[in-house]
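Here is a briefing on one protein model.

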Amino acid sequence: MPELPEVETVRRGLAPGVDGRTIAAVQVLHPRPVRRHLAGPESFAAELVGRTFTEPRRRGKYLWLPFADGDALLAHLGMSGQFRLDPADAPLVANTRVLVTFADGDPQLRFVDQRMFGGLSLSPGGAELPAEVAHIGRDPFDPAFDLEAAARRMRAKRTGVKRALLDQTLVSGIGNIYADEALWRARTHYARATSNLGQAQARAVLTAAREVMATALEQGGTSFDALYVNVNGSSGYFDRSLAVYGQEGRPCPRCGTPVRREPFMNRSAFRCPRCQRTPSGASYGG
């Protein structure tokens, strides 16, 4: 699933294409992406017509497009959701699900979703912060993010440090890719107990997460396949800079030791066995 750098890349791409534009028509080509609108696709389309978008916003991995009237269009990208900004007469890419046409003409906003785990929904009063996102913690790029407080909350949890990084109520935006990359930068094993972290080390892990995501943002995020693209269809290139994630058997960029892939929460964790040594009594891994 897209993590903070990918979602922020999409948000930045959307901003000049939707901010200040008024919706003239909406076509729902498949009902599943608007399934959260219980009144149905026709009602969803009718609810959006005449509204004017303001600048898209994001918290962690969650994206929404505010309306000038105080409501918002909440976007769940899921595993394969994409936004495209294309001329109305351009051929539809495969799996296009929703079309939004604007009163001022092109470009048209298109929502594409191959697997349809994502979707769009109307969030009443959600322009500032949708209620559906209110439980999500602030992310490291939020001006109000408190690094010291987040480090203290991390240390207070009885879990492993990677599990803590993936807890979106603690700090949002970090998924499997950037957790592994951050822990490598901080020389910390994913199963290290958060209760055994000092404040400085907890702070270092969170700082490393921000740094690695900032670097990914500069490269447009991480693209392993065509399911993650920007609004113009372009892919991100951070996968070429990954130190450990997906690099099983390849030399650690820091010490040359082959990277290991280990089971973790029905997924995988990648680490350098020399730079990120297994803590004694580790029990917070898979």
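A search of the whole structure finds 17 salt bridges. A salt bridge here is a side-chain nitrogen of Lys or Arg within 4 Å of a carboxyl oxygen of Asp or Glu. This is a predicted model: local features need pLDDT of at least 70, side-chain atom pairs count only at pLDDT 80 or more, and totals for chains, interfaces and linings use all residues. Residues are numbered from 1 along each chain as its sequence is written, and side-chain values use heavy atoms, with hydrogens and water left out.

**Salt bridges**

- Glu8 pairs with Arg12 in a salt bridge, with the closest N and O atoms 2.8 Å apart.
- Glu8 and Arg12 are four residues apart in helix α1, which means about one helical turn between them. Helices (H or I, at least four residues) and strands (E, at least two) are DSSP runs, numbered from the N terminus.
- Glu8 is buried at 7% relative accessible area, while Arg12 is partly exposed at 46%. Buried means under 20% relative accessible area, exposed over 50%, and partly exposed in between (1.4 Å probe, protein chains only).
- Glu55 and Arg11 also form a salt bridge, at 3.3 Å from N to O. Glu55 sits in the loop between α2 and β2 (57-59) and Arg11 in helix α1, so this pair ties together parts 44 residues apart in sequence.
- Glu55 is partly exposed at 41% relative accessibility; Arg11 is buried at 14%.
- Lys162 and Asp180 meet in a salt bridge at 2.7 Å, N to O. Lys162 belongs to helix α4 (residues 161-166) and Asp180 to helix α5 (residues 176-185), so the pair ties together parts 18 residues apart in sequence.
- Lys162 and Asp180 are both buried.
- Through shared partners, salt bridges join Glu8, Arg11, Arg12, Glu55, Arg58 and Asp139 into one network.

**Annotated sites**

- An unreviewed UniProt entry lists Pro2, Glu3, Lys61 and Arg267 under "active site". UniProt positions are given in the numbering used here, feature names are shortened, and annotations may be inferred rather than shown by experiment.
- Glu3 lies in the segment before α1 (4-18). Glu3 is buried, at 3% relative accessible area.
- Contacts of Glu3 include Lys61, Gly173 and Asn176, leaving aside residues up to four places away in sequence. Contact means heavy atoms within 4.5 Å.
- Arg267 is in strand β10 (residues 267-271). Arg267 is partly exposed, at 40% relative accessible area.
- Arg267 touches Leu166, Asn176 and Glu262, not counting residues up to four places away in sequence.
- The unreviewed UniProt entry also gives residues 243-277 as "domain: FPG-type". The end C-alpha atoms of that span are 16 Å apart, and the span is 0% helix and 29% strand.

**Helix α2**

- Phe44, Ala45 and Leu48 are buried in helix α2 (residues 41-48). Seen down the axis of α2, the buried residues fall within an arc of 95°, so they line one face of the helix. The arc is that of the directions from the helix axis to the C-beta atoms.
- The buried residues of α2 pack against β1 (23-28), β4 (72-76) and β8.
- Exposed residues Glu42 and Ala46 are on the face of α2 turned away from its buried side.

**Loop residue Phe117**

- Phe117 lies in the loop between β7 (105-113) and β8 (119-123).
- Phe117 counts as partly exposed, at 47% relative accessibility.
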